[in-house]
Structure formats: C-alpha cells, structure tokens
Amino acid sequence: MGGVFTAVLIVGVLAWLFAPGRRRPADPADPPEPADQDELEAAEREVRDLGAGQQPEDGFAGDDWGPGAPKQ
C-alpha cells in the first residue's frame, strides 16, 4: 500500500512540475517597464547620506514606512 501511495505521489509531483502552461515565455512585444531614474537617484543619495557609522538598529529618517507606521 505504501508503494502505491509513493508512486501516485511521485507521478502527481512530476505532472505538476511539467504541466503545460505553467510558465509562459516573455512576449518580445511587451518590453519591461523602465526604471524610475529620479526615484533610484533619491534612494542612492539617501544611502550615501547615512554615513559609515550608521547601524541598522539606530534607524534613520524615512525608515518607518510600513503598515501601522504613524503619519508624519
């Protein structure tokens, strides 16, 4: 009985992995969205301004942005 269960499990996993339509190829007519250069430059400036002695647990202006964060 255990052998039958193992065989069915293996066949099911292989069918799931190799199922057609699981991955669709990239459409060359749909190019990726370009990066927002202004936002990238602002993030780089922010990181540069932290300084060499900045510790992650110290925090910095703008690091509290997640759900439940107080509005500034």
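Patches are made of residues with over 30% relative accessible area and no salt bridge, and like charges are joined within 9 Å. With that criterion in hand, the present structure, a predicted model, can be read from its overall fold to its surface.

The protein chain contains two helices and zero strands. Of its 72 residues, 1% are buried. The chain exposes about 7100 Å², and 61% of this area is supplied by carbon and sulfur atoms.

Where does negative charge gather on the surface? The patch consists of Glu33, Asp36, Asp38, Glu39, Glu41 and Glu44. One of these residues, Glu39, lies in helix H2, which spans residues 37-48. Glu39 counts as exposed because its relative accessibility is 55%, and the cut-off for that class is over 50%.

Phe18 is located in the loop between helix H1, residues 2-17, and H2. Is Phe18 buried or exposed? Its relative accessible area is 64%, and therefore Phe18 is exposed.

Methods. Residues numbered from 1 in each chain as written. Predicted model: local features only at pLDDT ≥ 70, side-chain atom pairs only at ≥ 80, totals over all residues. Heavy atoms only, no water. Helix = DSSP H or I, 4+ residues; strand = E, 2+ residues; numbered from the N terminus. Buried < 20%, exposed > 50% of the residue type's maximum accessible area, 1.4 Å probe, protein only. Areas by Shrake-Rupley, 256 points an atom, 1.4 Å probe, with all protein chains shown as cover. Patch = residues over 30% accessible without salt bridge, like charges linked within 9 Å, V, L, I, M, F, W, Y side chains within 5 Å. Salt bridge = Lys/Arg side-chain N within 4 Å of Asp/Glu carboxyl O. Lys, Arg positive; Asp, Glu negative; His and termini not counted. Charge placed at Lys NZ, Arg CZ, Asp CG, Glu CD.
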